[in-house]
Amino acid sequence: MPSATGGIARLVFARMRKSGIPLIPLLSKAGLTVEQIDNRNARLTVRSQIRFLELAADALRDDLLGFHLALDYDLREIGLLYYVSASSEILNDALHKVARYSGIVNEGVSLKFRATRETVVTLNYVGVERQSDRHQFEFWLVSVVRLCRQFTNRRLVPSRVRVMHHRKKTPAELRSFLGCEIEFASSVDEVVFPEAVKLMPIGSADPHLNELLIRYCEEALEHRGPERTSLRSSVENAMAPLLPHGKATAVETARRIGMSHRTLARKLSSEGLTFSEISEELKANLAKRYLRDGDLTISQVAWLLGYREISAFTHAFKRWTGMTPSRLRAHRNLMPVERLVKSRQRFSGP
């Protein structure tokens, strides 16, 4: 199971502690403990970190939690990955190193870098369902842009940003920071800069230090081992962007992950899974996540999941949850304050 250094989770923990929000119940729901958070040498599972951010965002009522966290922290907290990049000579080299060594920090996020006509950083999820995350991803996105700006001492503005998760529009704060709009519900996660930025010099370049740090990074990579991914997460990550277009079939999904329909069916069967089961669970989980977004109408949620008729979506949702989408949304809108009050009464620890 992919692990991470847990730096993002610890930033969230500190912010929630200052806000006086009971932490133990939320950590427990995410499969974490206070001891893991306090031990800065302990790695956390990426799924637990994603879940903790989601729970924290609800508790803090901060729909841009990942973005806000990424704005405030000292980039040097990234550790070895920061220093090996910051000691490179030009931005092109720095981004190559960020891409190669990102797994040291988070095994669930794989960065790819290419510099042709444009400078492109692509983020791929490994062994983790991409659609389960929004806050951790936005933290990474903002961190990549901040790194580029700090290395070059210029306010670089991306020429294009595309992400797979959904928002109705680019939040004003995020647009102001990036200097551009974000294309949501895309088929890829990437940030693109104009071609010229790749040759920009880095003020903190130190060739001798960089050579030394590369050796440490290579040793750390070897210790981490090869990237591992699950077939289920690969299927879900390939299927999710196809849903709104009604193309999330077993045949097309298999093609996207590089195998035949029959091979996919056979491999899923060997793991006790079927494509239809994965499809239903993915749509159910996405439906509940989208319904938490007050900006989306129920008809928009239905479309994002590939339903052209609200009645068909409502029928499916009742089968998944035992209630209608409108009832779930009304229940959620009424209950958060009451649940928080009861939580404060029951738990007084950090």
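**Overall fold and cores of the predicted chain**

Of the 350 residues of the chain, 50% count as buried, that is, they have under 20% relative accessible area, whereas over 50% is termed exposed and values in between partly exposed (1.4 Å probe, protein chains only). The structure is a predicted model, in which local features need pLDDT of at least 70 and side-chain atom pairs count only at pLDDT 80 or more, while totals for chains, interfaces and linings use all residues. Residues are numbered from 1 along each chain as its sequence is written, and side-chain values use heavy atoms, with hydrogens and water left out.

The secondary structure comprises 18 helices and six strands; these are DSSP runs (helices H or I, at least four residues; strands E, at least two) numbered from the N terminus. The radius of gyration of the chain is 21 Å, close to the 20 Å given by the globule rule for 350 residues, so the chain is as compact as a globular protein of that length. This radius is taken over C-alpha atoms, and the rule is 2.2 Å times the number of residues to the power 0.38. Along its principal axes, the C-alpha trace spans about 65 × 55 × 40 Å. Among contacts (heavy atoms within 4.5 Å) with a separation of 6 or more, 70% involve residues 24 or more positions apart.

Helix α5 (residues 65-72) is largely enclosed by the rest of the structure, because six of its eight residues are buried. These buried residues are L65, G66, F67, H68, L69 and A70. Their cover includes α1 (7-19), α4 (46-60), α8 (135-152) and α9 (172-178).

A nonpolar core is a set of buried Ala, Val, Leu, Ile, Met, Phe, Trp, Tyr and Cys residues joined through side-chain atoms within 4.5 Å. In the largest such core, of 75 residues, M16, F52 and L111 touch the most other members. Helix α8 provides the largest share of this core, ten residues. Apart from this core lies another, of 32 residues, among them A250, Y290, V301 and L305. With its neighbours within four places in sequence left aside, F52 is in contact with A9, V12, F13, M16, L23, L26, L27, A30 and L32.

Residue H223 is located in helix α10 (residues 207-224). At 65% relative accessibility, H223 counts as exposed. The C-alpha atoms of H223 and I104 are separated by 9.4 Å, although these residues are 119 residues apart along the chain.
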